[in-house]
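Subject: Handover of a structure and findings

Dear colleague,

Please find below the structure that I am handing over to you. My findings follow it.

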Amino acid sequence: MLKRTHTCGELRKSHIDETIILNGWVKKRRDLGNLIFIDLRDRYGVTQVIVDPSNYPEAHNSAKKIGREFVVAVEGKVSSRGEQVNSDMPTGEIELLATKLEILNPSETPPFPLDDEEETDDRRLTYRYLDLRRPHLQKAIQVRHKMALAARNYLDSQGFLEIETPILAKSTPEGARDYLVPSRVHPGKFYALPQSPQLLKQLLMVAGTDKYFQICRCFRDEDLRADRQPEFTQVDLEMSFADQEDIFKITEGFVTASLKAAGIEVEAPFTKITYKDAMEKYGSDKPDLRFDLQLVDISKFVADTDFNAFKSTLESGGIIKAVRVPNGTVLSRKQIDKLGDIARTSEAKGLLTVKYLPESKKQSPLTKFLTEEQWENIDEATCAVEGDILLIIADKFSVAHSALGNVRNELAQMLNLINKEKFSILWVTDFPLFAYDENEQRWTSEHHPFTSPHPDDIHLIESEPGNVRSCSYDLIMNGFETASGSVRIHDSELQKRIFSLLNLSNSEINERFGFFINALKYGAPPHAGLAIGLDRLAMLALNRSSLRDVIAFPKTQKATDLMTEAPTGVDEVQLKELELKIAICEEK
């Protein structure tokens, strides 16, 4: 075999007249009668090869046999292209005049083109090893590597130790569903694949490790979407004797370094906003600030109206929110109807529109119910002028904000308000500690049960759990939650109070978390931490629409691997070893 001396992406004018060897895949072959042109590709780039039969007939005979994706080795002399420079290729100033050509392995015709940038579909996932040869996916994998390396190097420079935690762990269900692994040695018992190393990294703080990080695999058996996968990678970290601001500083450092490795420059410190302000201003706890469209509370301006939708909402303790759409009168009836559908899908009763027409006229069902003074107050509060539209929702607090937040996001797409070159990064802080589950009729953790309550709200845990803020924080990029963390509970008695509020009995606490509660009794230091999704960070840095474009071997939205056909059944011998039987329960 002719062993390569250079890659297909490194040859330049400085290599002219050198004799070199390239190995790679045939991207394209063009037979011009006597001369055969070959675009030879590897992960580093593409080089044009010319095979001339007049001087090297054996190489030419071999070249006549090759097709797309054949693996070949070529020896030759680097030559200038003269005036035929291809400025679209880094190697476009040179070409390789082949003296020898060896076919290392033929290839069947690929089932799809490998030179486009179409989003990955099911057929491409079936042949993922071919799909990954495409340049834009090669770039994604390389950029992801550089981002992970930058994060690792930064955290190492700050004194963090990279420590691996177990993949086979104890099931502590509180949040998403676990993936369970049966034990052969302990029949009838199961390990769980970790949703995160949460308890283990906290135990490392108890152990005196001080600063821990890990680029780790995590698993969640939950419904999938474009920005979710059943298994994912996160940069996980924890610090002793640290508060929220310490975590912010460290995270901003490695995120800035990782994005720089992807060619994106961002400035720290990042913007901070409380959960309450995020919901009231943008209708979302992960607001995209690449565009404005803030929500405005107009409740006080319409408190005396006879408009029934407003009156009944306010009497029941609800709220009336509006968003001004600059030049919104350009929206079509069909687009406005779509916005109404989005509001109703978000559980709102409906979406009211007000069109600001010339000569201060307004087109709306509201016109006969509001006084001139009320309109003036609304106009001043929303800054609405001729050509704008106001979109209004009257509903309970949570529905009005989330519904109008979803409408806001759709408006940004409709009106092309998002600058794709801009990066919006912010911290959202002070989330509620608890959320009430109407189905189970109990309080649950908004984040996870190891999150510390805000010091000012600890006295409200039993009496007003819905008003207790947490010392938790999310990092939001371009409208996506990319990281989540919190100051942790390090006091065993406070931790037991939280578990009790979550309706866990003493026996349940001991069974699920006894080892952890005991550890907190042995001098657990104050500590805080965070985990950031590496897959999502890379997806945003590369401006891709799906996580599948930055993961080497992703799953489908049904959590299947089309290439290996996983998950699959297992044979009776394996089940017998595990002392298991399979029973498929039919839904009633």
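In which loop is Leu293 found? This residue of the predicted model lies in the loop between α7 (275-282) and β12 (295-297). Phi of Leu293 is near 50°, a positive value in a residue other than glycine. Leu293 counts as buried because its relative accessibility is 7%, and the limit for that class is under 20%.

Although Glu69 is not a glycine, its phi is positive, at about 70°. The residue belongs to the loop between α1 (57-65) and β4 (71-80). Its relative accessible area is 5%, so Glu69 is buried. As background, most residues other than glycine have a negative phi, and most peptide bonds are trans.

Ala268 and Pro269 are joined by a cis peptide bond with omega of about 5°, and Pro269 sits in the loop between α6 and β11 (271-274). A cis peptide bond also joins Ala566 and Pro567, where omega is about 0°. Pro567 has its place in the loop between α14 and α15 (572-577).

I turn now to the protein as a whole. Its secondary structure comes to 15 helices and 22 strands. The C-alpha trace spans about 95 × 75 × 55 Å along its principal axes. Of the 588 residues, 49% count as buried. Among contacts with a separation of 6 or more, 67% are accounted for by residues 24 or more positions apart.

The nonpolar interior comes next. In soluble globular proteins, nonpolar side chains tend to be buried together. The largest nonpolar core here has 43 residues, and those touching the most other members are Leu237, Phe254, Leu259, Leu475 and Ile532. At least two residues of this core come from each of several helices and strands, among them α4 (135-157), β10 (231-240), α6 (244-261), β20 (472-477) and β22 (527-533). β17 (425-429), β21 (480-487) and α14 (534-541) likewise each supply at least two. A second, separate core holds 25 residues, including Leu331, Ile342, Ile393 and Ala403.

Leaving aside residues up to four places away in sequence, Leu259 touches Met147, Ile264, Val266, Phe423, Ile425, Leu537 and Ala541.

The packing of helices around α13 deserves a separate account. Two packed helices are described by the angle between their axes and the distance between the axes. For α5 (residues 198-206) and α13, the axes come within 10 Å and cross at roughly 20°. Angles under 35 degrees count as roughly parallel, so α5 is roughly parallel to α13. The crossing of α5 past α13 is left-handed. At this contact, Leu199, Gln202, Leu203 and Val206 in α5 meet Phe513, Phe515, Phe516 and Ala519 in α13.

How do the axes of α12 and α13 cross? They come within 10 Å and cross at roughly 160°. Because angles over 145 degrees count as roughly antiparallel, α12 is placed in that class relative to α13. α12 passes α13 in a right-handed crossing. Here Ser492, Gln495, Lys496, Phe499 and Ser500 in α12 meet Ile509, Phe513, Phe516, Ile517 and Leu520 in α13.

Further details concern α12 itself. Within this helix (residues 492-501), the buried residues are Ser492, Leu494, Gln495, Ile498, Phe499 and Leu501. An α-helix has 3.6 residues a turn, so residues three or four places apart point the same way. The buried residues of α12 pack against β18 (434-437), β19 (442-445) and α13 (506-520). At the start of α12, a side-chain oxygen of Asp491 comes to within 3.2 Å of the backbone nitrogen of Glu493. Just after α12, Asn503 has a positive phi of about 70°.

Lastly, I draw your attention to Asp131 in helix α3 (residues 128-131). Asp131 is buried, with a relative accessible area of 0%. Its side chain makes a polar contact with the side chain of Arg128, at 2.7 Å. Not counting residues up to four places away in sequence, Asp131 touches Phe112, Thr120, Arg124 and Leu137.

Yours sincerely

How values were computed: Residues are numbered from 1 along each chain as its sequence is written. This is a predicted model: local features need pLDDT of at least 70, side-chain atom pairs count only at pLDDT 80 or more; totals for chains, interfaces and linings use all residues. Side-chain values use heavy atoms; hydrogens and water are left out. Buried means under 20% relative accessible area, exposed over 50%, partly exposed in between (1.4 Å probe, protein chains only). Helices (H or I, at least four residues) and strands (E, at least two) are DSSP runs, numbered from the N terminus. Contact means heavy atoms within 4.5 Å. A polar contact is a pair of N or O atoms within 3.5 Å; within protein, one must be able to donate a hydrogen and the other to accept it, and residues adjacent in sequence count only if both atoms are side-chain atoms. A nonpolar core is a set of buried Ala, Val, Leu, Ile, Met, Phe, Trp, Tyr and Cys residues joined through side-chain atoms within 4.5 Å. Axes are lines fitted to C-alpha atoms, for helices over the stretch in contact, and angles run from 0 to 180 degrees between N-to-C directions. Angles under 35 degrees count as roughly parallel, over 145 as roughly antiparallel, 65 to 115 as roughly perpendicular and the rest as oblique. A crossing is left-handed if the near helix is turned anticlockwise from the far one by less than a right angle, and right-handed if clockwise.
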